[in-house]
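My notes follow the model shown here.

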Amino acid sequence: MERKEFMSLVGISVGAVILQNCLSGCSSKSDPTPSGGTGGTTTNPTSTGFTGNAASSKGTIDFTIDISTSDYATLKTNGSALVVGDVIVARTKAGNFIALAKACTHEGTTINFVADDNKFRCPNHGSEFSTTGAVLSAPASSPLKQYTATFDSASNKVAIK
Ligand code: FES
């Protein structure tokens, strides 16, 4: 085999390998991870400042958090959010409290709060939910459960049920 013929075959082989890698990589790649939003820190719902039940496996969701305590102080700030048990508690930029089930109805990923857009977004496949839990963007097709969140500014406590 002459050098020119050899180099030609090597070039074709390398090109085929590169093409194969690109095609297999492109076909198996999932959607880019959507960014934005915050879910705050998952808080141990037995800590100081917490009373009640935040685990749906233990019955009805019904709890109170004291945002003057360190574990829940994140929620003193407008535009923040905190995951408490199975619930994401968010405080809008206007200062209103929202409580929704934290698990995306598509595949269960914990959602984030996007304060700038006043909505919730799943970091897994990008489903979006309104402040009432309604689906704004697929792939999720079912709404998130909404809880009532009531803030008592005198005691700094938020009641969720
Ligand atoms: S798990 Fe939330 S969009 Fe898929």
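Predicted model: local features only at pLDDT ≥ 70, side-chain atom pairs only at ≥ 80, totals over all residues.

I located N156 in the loop between β12 (149–152) and β13 (157–160); strands here are DSSP runs of E with at least two residues, and helices runs of H or I with at least four, both numbered from the N terminus. Residues are numbered from 1 along each chain as its sequence is written, and side-chain values use heavy atoms, with hydrogens and water left out.

**Entry 1: backbone.** I noted that phi of N156 is near 65°, a positive value in a residue other than glycine. I then asked how accessible N156 is. With 27% relative accessibility, N156 is classed as partly exposed; for this term I used the range between buried (under 20% relative accessible area) and exposed (over 50%), with a 1.4 Å probe and protein chains only.

I found a positive phi also at N118, near 55°. N118 sits in the loop between β7 (112–114) and β8 (119–121) and is partly exposed at 36% relative accessibility.

I recorded a cis peptide bond between A138 and P139, with omega about 20°. P139 belongs to the loop between β10 (135–137) and β11 (146–147). For context, I note that most residues other than glycine have a negative phi, and most peptide bonds are trans.

**Entry 2: sheet.** I traced an open sheet of 4 strands in the order β7-β8-β9-β10, with antiparallel pairing; two strands count as paired if DSSP finds at least two bridges between them. Which strands stand at the edges? They are β7 and β10: each has a single partner strand, so one side of each lacks a neighbour in the sheet.

I checked the pairing of β9 (residues 128–129) with β10 and found 2 bridges, the strands running antiparallel. F129 has V135 in β10 as its bridge partner.

**Entry 3: salt bridges.** I counted 4 salt bridges, taking as the rule a side-chain nitrogen of Lys or Arg within 4 Å of a carboxyl oxygen of Asp or Glu.

I looked up D116 and found a salt bridge with K93, the closest N and O atoms being 2.5 Å apart. This pair links distant parts of the chain, 23 residues apart: D116 is in the loop between β7 and β8, and K93 is in the loop between β5 (87–91) and β6 (97–101). D116 is exposed, at 62% relative accessible area, and K93 is also exposed, at 53%.

I next followed R121. Its side chain meets that of E128 in a salt bridge of 2.8 Å, N to O, and R121 also forms a salt bridge with D117, where the closest N and O atoms are 3.7 Å apart. R121 is buried, with a relative accessible area of 14%, and E128 is buried at 11%, whereas D117 is partly exposed at 43%. I noted that D117, K119, R121 and E128 are linked in a network of salt bridges.
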